[in-house]
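User: Could you take a close look at one part of this model for me? I would enjoy a connected walk through the details.

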Amino acid sequence: MNQNTEEAAYRRALDWIHSIGRFGIKPGLQRIEALLSLLGNPHRQLQYVHIGGTNGKGSVAAMIASVLQASGYRAALFTSPYILSFTNRMSINGRDIDSSELVRLVEQLRPLVEKIGEDEQLGPMTEFEVVTALAFVYFARKRPDAVVLEVGLGGRLDATNVVTPLVSIITNVSLDHTQILGETVQAVAREKAGIIKPGIPVVTGASDPEARQVIAETCRDRRAPLFYALPSGESAPPGMKSAFAARREIIPEGQLLDYDGFAWSYCDLHIPLRGRYQAANTAVALAALEQLAASGFSFSEEDLRRGLAETIWPARLELLGRKPLLIMDGAHNPAAMRELALSLPEYFHYRRLILVLGVMADKDISMVDYILPLAEAVILTRPDLPRAAEPETLAAFLKNRFPRKVMVEPKVDQALAAALALAGADDAVLVTGSFYTVSEARAYWQNL
């Protein structure tokens with residue numbers, strides 16, 4: 001098969017996967033369980049670290065996978081959404097699935113997916129369910145030592161919740177996807193806590209008292225040991241020992257942290273990820289690795305340090321250009337946007353901030369109130385997805401909130417080009433609002 005033919009086959013495979021997206025989000029495990037049964041239940045052949053939560057899932061997953069790899073293990077990573085290529089979603093030791101292998105997997109699964117879609121009781125599968133099944137089959141064939149598995153949405157009814165992991169992680173809990181998960185923190189926490197399995201240890205970075213109560217009650221009901229991992233300065237629930245991470249110093253390559261855990265204690269850990277919130281994520285990742293060590297994995301201090309220092313995770317306060325500064329961050333809910341606004345001036349110095357903003361229509365648009373006070377100008381746009389909010393809708397929302405310059409550009413590449421033209425060498429351009437917006441902006445930047 002020549003290169004053009006391979007590329008065409010890959011494009012057809014992606015087109016088919018994305019065509020399933022028309023069925024939207026349909027929480028439930030019946031369809032994924034039916035498909036996996038037809039495939040011989042490949043997910044039961046592997047060991048997992050299962051990660052849920054509102055924000056921080058990807059960063060924690062990346063850290064754990066990187067430490068596993070540095071320690072000599074073959075670490076698989078399943079995450080979403082992708083930033084550069086669809087194949088980013090499933091990787092082993094930092095290497096994405098090959099496009100030709102993805103094509104073969106699609107050819108294997110497609111008739112089974114269509115068969116399930118014809119079942120009146122099950123109905124058509126969703127895109128995320130199919131992608132999750134593709135990952136399970138791929139990983140089962142490659143036999144990694146551990147799979148770091150990120151929840152797609154919620155937890156209880158998420159397609160990934162068919163596994164029994166070595167450790168379950170709930171990074172934090174705040175309001176997001178309220179139309180599906182519920183409009184209170186307690187309701188969202190119940191959905192997140194749905195990944196907790198009987199007897200399986202749980203590590204959480206949840207700081208909200210109501211979320212903690214739900215998680216603790218679920219752990220008691222399922223007799224699952226519960227471990228808290230928090231940034232220094234936060235207090236654990238009474239009577240609970242916790243792991244803590246404290247930021248020691250901001251450095252050009254990220255930050256230095258100290259970790260005081262359950263059995264481990266380290267100073268001056270280099271984390272190449274920017275942001276105040278990465279201290280909390282690091283505490284969660286290391287506390288989970290402590291649980292893996294208790295289950296038989298082996299980590300030396302040298303490997304831990306190297307694994308953390310080599311963590312790669314794009315679109316989290318990521319610096320891509322310097323004159324002007326070009327910063328990309330996938331913040332897409334109020335909690336994430338608040339942390340972005342707090343962290344941005346800590347890590348970057350600039351004269352004016354030009355904001356490129358594109359969000360999904362089902363998100364809480366008021367999240368932009370956190371970042372607007374930092375901006376001198378805002379350029380509104382939309383990623384190329386049906387559920388993206390129209391820039392004109394955003395403009396109407398900003399009308400009485402932002403008295404300075406507002407522009408509308410219908411496409412992300414046009415918006416970034418306009419922002420770069422508007423910015424001086426001492427200014428900064430920030431692209432945010434959605435990982436989909438960041439993905440398109442990154443692709444444009446890399447092709448300049």
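**A close look at one helix residue and a strand**

Analyst: Happy to! Ser 439 touches Tyr 82, Ile 83 and Leu 84, leaving aside residues up to four places away in sequence; contact here means heavy atoms within 4.5 Å. This is a predicted model, in which local features need pLDDT of at least 70 and side-chain atom pairs count only at pLDDT 80 or more, while totals for chains, interfaces and linings use all residues. Residues are numbered from 1 along each chain as its sequence is written, and side-chain values use heavy atoms, with hydrogens and water left out.

Ser 439 sits in helix α14 (residues 435-446); helices (H or I, at least four residues) and strands (E, at least two) are DSSP runs, numbered from the N terminus. Ser 439 counts as buried because its relative accessible area is 13%, and buried means under 20%, exposed over 50% and partly exposed in between, with a 1.4 Å probe and protein chains only. Between Ser 439 and Pro 81 lie 9.3 Å from C-alpha to C-alpha, although they are 358 residues apart in sequence.

Now to strand β2 (residues 75-78). In a regular strand, side chains alternate between the two faces of the sheet. Here Ala 75 and Leu 77 point one way, Ala 76 and Phe 78 the other, and all are buried. Strands pair if DSSP finds at least two bridges between them. β2 runs parallel to strand β5 (residues 146-150), joined by four bridges, and Phe 78 stands opposite Leu 149 there. With strand β3 (residues 90-92), β2 runs antiparallel through three bridges, and Leu 77 has Ser 91 as its bridge partner in β3.
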